[in-house]
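Trainee: I am new to this structure and would like to go through it step by step. May I put some questions to you?

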Amino acid sequence: MDFNALQQKISMCENEIAKEIIGQKDTVRLSLLALITGGNVLLEGMPGLGKTRLVNTISKAVGLPFKRIQFTPDLMPGDITGTNIIEHSENGNSFRFEPGPIFANLILADEINRATPKTQSALLEAMQEHTVTVGNTSYRIAEPFFVMATENPIETEGTYPLPEAQLDRFMFKVLVPFPSKEELLQIVNLTESREAAQAENVISGAELLEIREAAASIPIADAVMDRIMDIIMATHAENKYIREGVSPRAAQAVIRGARARAFLEQRFNVSFEDVEYVAYPALRHRLILSFDAVSEGITEDDVIRDILHNK
């Protein structure tokens, strides 16, 4: 396993994505960190900020099959997972499984919170176990498997809140900001140009799995691991702004994300800075705020920032 070569590969992938995605450096980097570790990403932002384009560009750079599922109120679970179809033959009737769009390496679940909770839950098994069960049969999804979901802010029209069980399946929740004036001009010039640069395939699925294995092998010092545990436990300490603390999956997300960031930064050790960088996207969707926080306008990021400064 050539660490340096693999680190160069993922850096090239990040550069390729930057050809089509203007600004949004943290959004791109966090998406890559999740891709490296095999996690899933939830992107939140208003429509038109390039969330769909980001997933499409990632699929070009890594050269993996990509499918887009548009979530709507009338979407059914079988439209995602697939269904058994009756086939007629001379020997009688039999069932044949017709795979749904979930059977791809990269999945874009677009506007996931516009579908009903029943349909949203169809993703749970695939996101966690990478399998799909229809009837009495389970089907394995090919690796690498990565779900990137987009959601509109809950205050927008026609949205359903994602249940905590589903939110916990996402490694990161990334907030997609509106671009600056300079970035907006670059975006307009890029999208309106007929000769705009296109992202090219620079790594394969097999190399991505190698990168995943390499990143997972980066050691974490006892002091850094202790810092992570302190952050997680602080969400369960008495705090007027927290109703429920984060789950053990949050600790796993921070550890994996910090390792992946160290790998992407071409280091062979996890730093405290790595931990703090991934703490916000790993924790913000797993914290349940109290009524005091909501009434005072305190956000999840405010609570996380306070924990990081005081622990």
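Trainee: Is Arg 249 buried, partly exposed or exposed?

Mentor: Keep in mind that this is a predicted model. Buried means under 20% relative accessible area and exposed means over 50%. Arg 249 has 25% relative accessibility, so it counts as partly exposed.

Trainee: Which side chain meets that of Arg 249 in a salt bridge?

Mentor: Arg 249 lies in helix H11, and its partner sits 81 residues apart from it, in the loop between helix H7 (164-167) and strand S9 (172-175). The N to O distance is 2.7 Å, and the partner is Asp 168.

Trainee: How far apart are the end C-alpha atoms of helix H3, and what span should its 12 residues have?

Mentor: The expected span is 1.5 Å times one less than the number of residues. For residues 51-62 this should come to 16 Å, which agrees with the end C-alpha distance of 17 Å.

Trainee: Which residue just after H3 takes a positive phi?

Mentor: Within H3, the buried residues include Ala 61 and Val 62. Just after the helix, phi is about 60°, and the residue is Gly 63.

Key:
Residues are numbered from 1 along each chain as its sequence is written. This is a predicted model: local features need pLDDT of at least 70, side-chain atom pairs count only at pLDDT 80 or more; totals for chains, interfaces and linings use all residues. Side-chain values use heavy atoms; hydrogens and water are left out. Helices (H or I, at least four residues) and strands (E, at least two) are DSSP runs, numbered from the N terminus. Buried means under 20% relative accessible area, exposed over 50%, partly exposed in between (1.4 Å probe, protein chains only). A salt bridge is a side-chain nitrogen of Lys or Arg within 4 Å of a carboxyl oxygen of Asp or Glu.
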